[in-house]
Every structure is written in structure tokens, then in C-alpha cells.
Amino acid sequence: MRRTNKELLVKGMKSFGYTVLAMFMGPFLIYEAFKNEEHPFYWPVLILGIICAILAIYLGFRSVKIVMDAIFGEKPKN
């Protein structure tokens, strides 16, 4: 029976924390950008919000993979 890799599990939980942060920051920044379309920082804030939203999706998949590797072990190398 395989044991859970605790260090890898902690790394996955930290990654989930960053994922949650990006999940809230992305929509918040996009909302703030659309609320202030006449402001000179409209485009930079909108682009930053879109980057945060894309980063949240990437981090979500990466976090799940890290936790799965910690629980079930690494894939065998061929």
C-alpha cells in the first residue's frame, strides 16, 4: 500500500491557495475595469484581470494534478 507524500500534498494545498486568490482577483479586476471604462488605466487593469483569470484556470488544473500525485503516487516512467 502506498503512503501519501506529505510534502507534495502541502505543495498542492499551497497551490490551491494561490488558485483561490487568482479565482477572486481575476473577476474582481475585470469588473473594476468595465466599471471605469473612461479611466486611463482601463486597458492595463482589464489585461491584468484576464491574465489572473487564465492563471486561475491553469493553477486549478496544476493543483489537482499535484494533489493526485501526492495521494496516488507518480506515474510510472516507461
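Predicted model: local features only at pLDDT ≥ 70, side-chain atom pairs only at ≥ 80, totals over all residues.
## Two annotated spans

Let's start with the record. The UniProt entry, which is unreviewed, carries the annotation "transmembrane region" for residues 16–34 and 40–61.

How does the model fold these spans? Residues 16–34 are 100% helix and 0% strand, and the C-alpha atoms at the two ends lie 28 Å apart. Residues 40–61 are 91% helix, again with 0% strand. The end C-alpha atoms of residues 40–61 are separated by 34 Å.

## Aromatic rings

Now let's look at the rings. How many aromatic pairs does a search of the whole structure find? The search finds 2. In the pair formed by Y42 and W43, the ring centres are 5.0 Å apart and the planes meet at 70 degrees. Planes over 60 degrees apart count as edge-to-face, so Y42 and W43 make an edge-to-face pair.

Y42 and W43 also belong to one aromatic cluster together with F34.

Where does W43 sit along the chain? You can find W43 in helix 2, which covers residues 42–72. Y18 lies 25 residues from W43 along the chain, and the C-alpha atoms of W43 and Y18 are 24 Å apart.

Methods. Residues numbered from 1 in each chain as written. Heavy atoms only, no water. UniProt positions renumbered as here; feature names shortened; annotations may be inferred. Helix = DSSP H or I, 4+ residues; strand = E, 2+ residues; numbered from the N terminus. Phe/Tyr/Trp six-rings, centres within 6.5 Å; stacked < 30°, edge-to-face > 60°.
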